[in-house]
Amino acid sequence: MSSPRRERREADPALSDPERLYVITGDPDGGERAALDLVTMVVAKEQPTPTVQPEQAVILRLCQAPLSVAEISAYLSLPFSVVTSLLTELLASELIESRAPIVRATLPDRSLLEAVMHGLQKL
Amino acid sequence: MARAESPPTHREIPLARAALLPVLLTAGATAAAAALVSGATRVPVVSCGAVTTVVVAALTVALARRARAMRRQRAEYEHRLAVLEHRLATHDEEAIRINKELLPAAIHRLRVGNSPDEVLRDIVDADEVYRDLPEAQRALVRTVLNIIDNEEAMRDSAQRAFVNVARRVQAIVHRQASELREMEEHHGRNPDVFDDLLRIDHGTALIGRLADSIAVLGGARPSRQWPKPVPLFSVLRGAMSRILEYPRVDLHSIAKVAIIGTAVEPLIHVCAELLDNATRYSPPQTRVHVTAVEVQTGIAIEIEDGGVSLSEEARARAENMLARAQAGSSMNDLGESPRLGMAVVGRLSRMYDLQVSLRQSAYGGVRAVLVVPRAMITTGPAPGIAHGIGATSRPTSDIDVAGMKHVVPPRSKRRKPLPVEARPATGPVASDSRPVAASAAMGDDAPVVTEWTAGGLPQRRSRGRAPLGSHNLPAQPAAPPSGQRNGHANGSDSGKEQPPGLWLEAFTNAVNGVPQEPRTGEDTDDAWDKGDLK
């Protein structure tokens with residue numbers, strides 16, 4: 001009975017964290033997530049304060065230069081949804097800024113683009 | 001015996017003397033009578049007197065002898081009585097001594113694991129006080145030892161059964177947990193599924209804690225082993241993850257030390273039980289505060305809740321329960337509706353030399369202080385501060401700042417219109433199925449990452465894999481795919497220099513997500529544009 005467990009553990013050392021992901025997100029229901037995309041760029045506005053969670057502190061350190069959510073997720077080796085939860089908290093406390101407009105959500109106005117296009121062409 | 005012999009020798013002389021007096025009296029009386037009477041009566045008187053004297057002498061002697069025999073017999077009886085009483089007393093004394101000294105020692109040896117025969121040999125035969133123990137008492141001791149041995153065996157097997165069942169549950173829970181973790185990785189992009197998975201994960205962790213508790217109460221040590229030291233912060237969060245109302249727990253100023261691997265699991269379990277008590281017996285809107293500070297003997301973890309204050313009586317009861325558990329109570333002591341928490345804490349704290357005390361908190365509730373001995377603490381290199389910042393990403397996060405120098409700046413240069421071009425970077429730990437899932441969710445073609453920097457980070461190439469953004473830079477040789485994609489008219493022109501209008505139009509198309517549909521209409525647009533431009 002114990003042997004498969006040991007194999008599994010050896011096979012996956014990344015799982016040897018005592019804490020589970022829901023503790024990191026901190027909210028049993030996941031809460032409201034900000035509309036962050038995988039490709040949203042995030043940049044820190046301030047240095048990490050002592051009160052933030054360690055993960056958030058690392059995000060703040062990482063995001064001294066703009067970084068995409070996907071990259072943050074990869075560097076922290078945390079799933080995307082966890083990262084967005086953390087980022088949502090940080091956004092709420094205004095420690096970070098999500099630089100990108102959310103492209104999917106806010107489609108650019110076609111007429112505006114055409115006006116720009118025509119303007120450019122008239123140059 | 002000497003006492004028994006001596007009285008008869010004393011009385012041997014009085015026997016003759018006692019016989020002498022009546023004989024002399026009778027003889028005297030006979031002589032007097034013979035002197036008084038005269039003539040013919042003297043002969044019968046003398047003969048009668050002689051006969052009487054003889055009879056009296058015989059009777060006196062017999063009487064004296066009878067009395068002496070009786071006296072001797074009485075003395076003998078008294079002596080025997082004394083001997084018997086003495087024996088009774090020694091019996092009592094022996095019984096008490098067996099009860100007070102021999103049996104406890106024997107039972108202790110039995111508990112240690114010796115068989116009843118070995119115990120008898122070691123305790124009874126090896127000790128000169130007990131060596132000449134009467135056979136009956138020896139049998140009694142043996143019977144008692146046998147009974148206790150049987151009971152112990154039964155209790156042992158019952159506990160083993162408990163532990164065995166708990167271990168099976170633990171195994172299932174561990175497997176479930178690691179599978180859930182995989183699923184969480186896999187469905188990390190889908191918040192709805194992810195949140196549901198987290199809830200299942202939480203429930204599984206609760207089951208796991210119950211199984212752990214049963215195993216601990218069954219006398220087993222926690223099964224899970226952690227190969228490496230784990231930071232205290234992670235340990236406490238691990239404890240949080242095993243209780244129902246973890247969002248109410250606040251971790252403040254946790255000392256930056258790590259717990260050695262063998263002590264991690266028990267510490268998690270003890271903290272989880274204490275946190276569970278704290279959250280369970282305080283109003284749901286209050287918070288539970290956890291701090292961990294270094295003290296002389298190690299680390300003091302304080303868990304304070306804002307619940308009802310513990311009355312002196314309740315505190316005494318809880319401490320009593322702790323103390324009893326520390327003394328090694330069995331499952332039988334748990335009672336009808338078992339409150340496992342304190343029993344588990346007591347058990348574990350006894351096994352691992354943890355000190356637990358319950359006090360009244362400054363703001364009302366209970367303050368549980370758990371002192372972790374210094375032997376469990378290491379200040380050596382722990383994997384990290386907390387979860388994901390652990391072994392994998394902590395080192396790389398230093399490197400990636402350097403690594404990003406050449407990844408980030410180009411992006412930030414042209415970040416203005418389209419940060420969209422950033423593709424999901426496949427992290428170092430991402431499973432191979434993940435890019436596929438990612439790309440499927442994005443509705444684009446699979447991202448082609450992949451070069452790796454010296455630091456082991458994924459590095460994107462700045463061209464080719466970002467269909468949306470690639471149109472951003474017309475000078476780049478990414479044109480062929482984009483030309484194909486945007487329509488035949490573009491494709492024909494894309495061989496040489498592309499007019500600016502083309503890529504902007506491609507951009508609008510791509511952004512609108514309808515690259516193919518308005519092809520014909522825009523074709524003319526393009527022609528018109530080009531014409532206009534030229």
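In chain A, residues 24 or more positions apart supply 71% of the contacts with a separation of 6 or more; two residues are in contact if their C-beta atoms, placed from the backbone, lie within 7 Å. For chain B the corresponding share is 68%. This is a predicted model: local features need pLDDT of at least 70, side-chain atom pairs count only at pLDDT 80 or more, and totals for chains, interfaces and linings use all residues. Residues are numbered from 1 along each chain as its sequence is written, while chains are lettered from A and ligands numbered from 1 in the order in which they are written.

**Chain make-up**

- Chain A holds six helices and three strands; helices (H or I, at least four residues) and strands (E, at least two) are DSSP runs, numbered from the N terminus.
- The order of elements in chain A, from the N terminus on, is α-α-β-α-β-α-α-β-α.
- Chain B has 16 helices and ten strands.
- Of the 123 residues in chain A, 45% are buried. A residue is buried if 20 or more other C-beta atoms lie within 10 Å of its own, exposed if 12 or fewer, and partly exposed in between, with C-beta atoms placed from the backbone.
- In chain B, 33% of the 534 residues count as buried.

**Nonpolar cores**

- The largest nonpolar core has 90 residues. Such a core is a set of buried Ala, Val, Leu, Ile, Met, Phe, Trp, Tyr and Cys residues joined through C-beta atoms within 7 Å.
- Leu232(B), Val235(B), Leu236(B), Cys271(B) and Leu275(B) have the most contacts inside this core.
- Helix H8 of chain B (residues 261-280) gives the most to this core, with ten residues.
- Leu275(B) touches Ala239(B), Met240(B), Ile243(B), Val249(B), Val288(B) and Ile303(B), not counting residues up to four places away in sequence.
- Another core, of ten residues, lies apart from it; Val119(B), Val124(B), Val141(B) and Leu145(B) are among its members.

**Helix packing in chain B**

- Helix H6 (residues 191-217) and helix H10 (residues 340-352) of chain B pack at an angle of about 55°, with axes 9 Å apart. Axes are lines fitted to C-alpha atoms, for helices over the stretch in contact, and angles run from 0 to 180 degrees between N-to-C directions.
- H6(B) and H10(B) are therefore oblique to each other. Angles under 35 degrees count as roughly parallel, over 145 as roughly antiparallel, 65 to 115 as roughly perpendicular and the rest as oblique.
- H6(B) and H10(B) cross in the left-handed sense: the near helix is turned anticlockwise from the far one by less than a right angle.
- On the H6(B) side, Ser213(B), Val216(B) and Leu217(B) meet Leu340(B), Ala343(B), Val344(B), Arg347(B) and Leu348(B) of H10(B).
- By class, the contact of H6(B) with H10(B) has six nonpolar, one polar and one charged residues. Ala, Val, Leu, Ile, Met, Phe, Trp, Tyr, Cys and Pro count as nonpolar, Asp, Glu, Lys and Arg as charged, and the others, Gly among them, as polar.

**Helix packing in chain A**

- The axes of helix H3 (residues 54-62) and helix H5 (residues 80-92) of chain A come within 10 Å and cross at roughly 75°.
- H3(A) and H5(A) are therefore roughly perpendicular to each other.
- Glu55(A), Gln56(A) and Ile59(A) of H3(A) make the contact with Leu86(A), Glu89(A) and Leu90(A) of H5(A).
- The contact of H3(A) with H5(A) has three nonpolar, one polar and two charged residues by class.

- Ala205(B) sits in helix H6 of chain B. Ala205(B) counts as buried, with 25 C-beta neighbours inside 10 Å.
- Leaving aside neighbours within four places in sequence, Ala205(B) is in contact with Arg20(A), Ala177(B), Ser241(B) and Arg242(B).
- Leu36(A) lies in the loop between helix H2 (21-25) and strand S1 (41-44) of chain A. Leu36(A) is buried, with 21 C-beta neighbours inside 10 Å.
- Leu36(A) and Thr84(A) are 48 residues apart in sequence and 6.6 Å apart in space, C-alpha to C-alpha.

**Positive phi**

- Ser77(A) is not a glycine, yet has a positive phi of about 45°. Ser77(A) is in the loop between helix H4 (69-76) and H5 of chain A.
- Asp353(B), also a residue other than glycine, has a positive phi near 60°. Asp353(B) is partly exposed, with 13 other C-beta atoms within 10 Å.
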